[in-house]
Amino acid sequence: MKFFTALDRYIFRLVLMPMLAVFVVAASLLMLDKMLKLFDFVGSQGGPVNVVFSLLINMVPEYASLAIPLGLMLGVLMAFRRLATSSELDVMRAVGLSYTRLLRVPYLMALVLAVCNLFIVSYVQPYSRYLYEQLTFELSTGALGASIRVGEFNTLRDRMSLRIEQSRDEGRELIGIFLRVTEQKGQVLSITARQGRFLALHSNPNTVILRLTDGQIVQNPVGQPPRVLAFTRHDLPIDLPSVEKFRMRGGVEREYFLPELLKLGWSKDTSEETRNVVRASLNYRLAEVVMILLLPLLAVSLAVPPKRSSSALGVFISIVMVVAYHKVNEYGEQVSSLGKLDPWLALWVPFGIFAAIIIWMYYTLAYVPGGQPIGALERFFSNALKRITRLIGKKKMKGFIPETPGSTDSEDEKEQTA
């Protein structure tokens, strides 16, 4: 018999497209939310716009580790929900195909995605996080050309103040310049110019030339009257401030690779505080990866609605369960990193509870005759929706009933009381 039959290829196509769509949508929503914050941050630092996209690219691995489980679960759920609502699942079950057999392809996809996610959280995500922190550091220190802000006074070397009205050519050409320079002998120069341009010196990379055009210089020597000089072109050397070097990778636990976490977590030379943080991060990453292997069971359990029902309650519950598990893991990591709880209790006990719930739901659907794991919730929400619909209908009908003449407020109050 063929390992991949036509049925397996059919299920693969049903799972693949929703999975990719959910992955792209989830990652895009997370990146859009982060993009707004990054635009504000880069704008406040006066940095170039392309830095925002560089920062977003370094955040992709972190968002991918969250979007991969969600995409897999909703892809499998949508595929089996389509099979169930079109009665194709009933035909497959009637010819002797079990749910375990139908989950062959989804589990192969889950294994591949689990390996990919393990590689992401082990190597790609820590390194991209380090690059993200490096970019933000360089942006804050002005190493990316973000030190000249339009409409504000910029201080250079504590003896020079510069203000510009407009900036062109990515900050190389300046319009409406006011410059105030304090020399070592105490003389103060106030310079105004119509425009200026930065020029680099190949002989001295730590100094740039600010070439000013059409301006005036007001000299204010100590103990002498001020003098005013007009110029057509004036070159002013500016010493660039020294830029600090960014730290090496590994400043925080999120930047360590998985083998480094294993080495630090069980090293005798590691302090107790560092050991708690490292072990919490290690167990958090592994718990997030192992959970992917249970998502196909959860998706199938919530994908099959009760007979004669087309409710999408399972989709809502699946998203709530995955997000809740992720938030519980984040809280467990924070608590265990503070040393208040052992990582095994804070992270693997919730995993065991979620795993037990998922296995019970799958067993009820696959092996209990007529079993429906969310049947009670389906009935509850169905009855609640019917009651809400009736109440809305009664209020609408009551608004169309005309009032009888001669009725008094006391009679209305009696009727309401009755």
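Which residues in H2 meet which residues in H8? Keep that in mind while you load the model, which is predicted.

**Stop 1: the whole protein**

Colour by pLDDT. The mean for the protein is 81, and 83% of its residues reach 70 or more. Now select residues 406-418. Here the pLDDT is below 50. In the model this stretch has two contacts beyond near neighbours in sequence.

Switch to cartoon. The protein has 12 helices and six strands. Of its 418 residues, 39% are buried. Take the contacts with a separation of 6 or more: 64% of them join residues 24 or more positions apart.

**Stop 2: H2 against H8**

Select residues 50-85 for helix H2 and residues 295-303 for helix H8. The two pack at an angle of about 35°. Their axes are 8 Å apart. The crossing of H2 past H8 is right-handed.

Show side chains to settle the opening question. From H2, pick Pro 69, Leu 72, Met 73, Val 76, Leu 77, Phe 80 and Arg 81. They meet Leu 295, Pro 296, Leu 298, Ala 299, Val 300, Leu 302 and Ala 303 in H8. Look along the helix axis as you do this. Residues three or four places apart point the same way, because an α-helix has 3.6 residues a turn.

Stay on H8. How many of its nine residues are buried? Nine of the nine are, so H8 is largely enclosed by the rest of the structure. The buried set includes Leu 297 and Ser 301.

**Stop 3: Asn 117**

Select residues 104-141, helix H5, and find Asn 117 in it. Is Asn 117 buried or exposed? Its relative accessibility is 1%, so Asn 117 counts as buried; the cut-off for buried is under 20%.

Next, show what surrounds Asn 117. Leave aside neighbours within four places in sequence. Asn 117 is then in contact with Ser 65, Ile 68, Pro 69, Val 289 and Ile 292. One of these takes you back to Stop 2: Pro 69 is among the H2 residues that meet H8.

**Stop 4**

Begin with strand S2, residues 160-168, and strand S3, residues 173-182. They pair in the antiparallel sense over eight bridges.

Move on to strand S4, residues 188-200. Nine bridges join S3 to S4, and the two run antiparallel. Check two positions here. Phe 178 has Thr 192 in S4 as its bridge partner. Leu 179 stands opposite Ile 191 in S4.

Which strand does S4 pair with over 12 bridges? That is S5, again in the antiparallel sense. Leu 199 stands opposite Ile 209 in S5.

**Stop 5: Val 208**

Finish in S5, residues 207-220, which holds Val 208. Val 208 has a relative accessible area of 14% and is buried. The reason is the cut-off: buried means under 20%.

Now draw a distance from Val 208 to Asp 235, C-alpha to C-alpha. The pair is 27 residues apart in sequence and 9.9 Å apart in space.

How values were computed: Residues are numbered from 1 along each chain as its sequence is written. This is a predicted model: local features need pLDDT of at least 70, side-chain atom pairs count only at pLDDT 80 or more; totals for chains, interfaces and linings use all residues. Side-chain values use heavy atoms; hydrogens and water are left out. Helices (H or I, at least four residues) and strands (E, at least two) are DSSP runs, numbered from the N terminus. Buried means under 20% relative accessible area, exposed over 50%, partly exposed in between (1.4 Å probe, protein chains only). Contact means heavy atoms within 4.5 Å. pLDDT is the predictor's confidence in each residue, from 0 to 100. Two strands pair if DSSP finds at least two bridges between them. Axes are lines fitted to C-alpha atoms, for helices over the stretch in contact, and angles run from 0 to 180 degrees between N-to-C directions. A crossing is left-handed if the near helix is turned anticlockwise from the far one by less than a right angle, and right-handed if clockwise.
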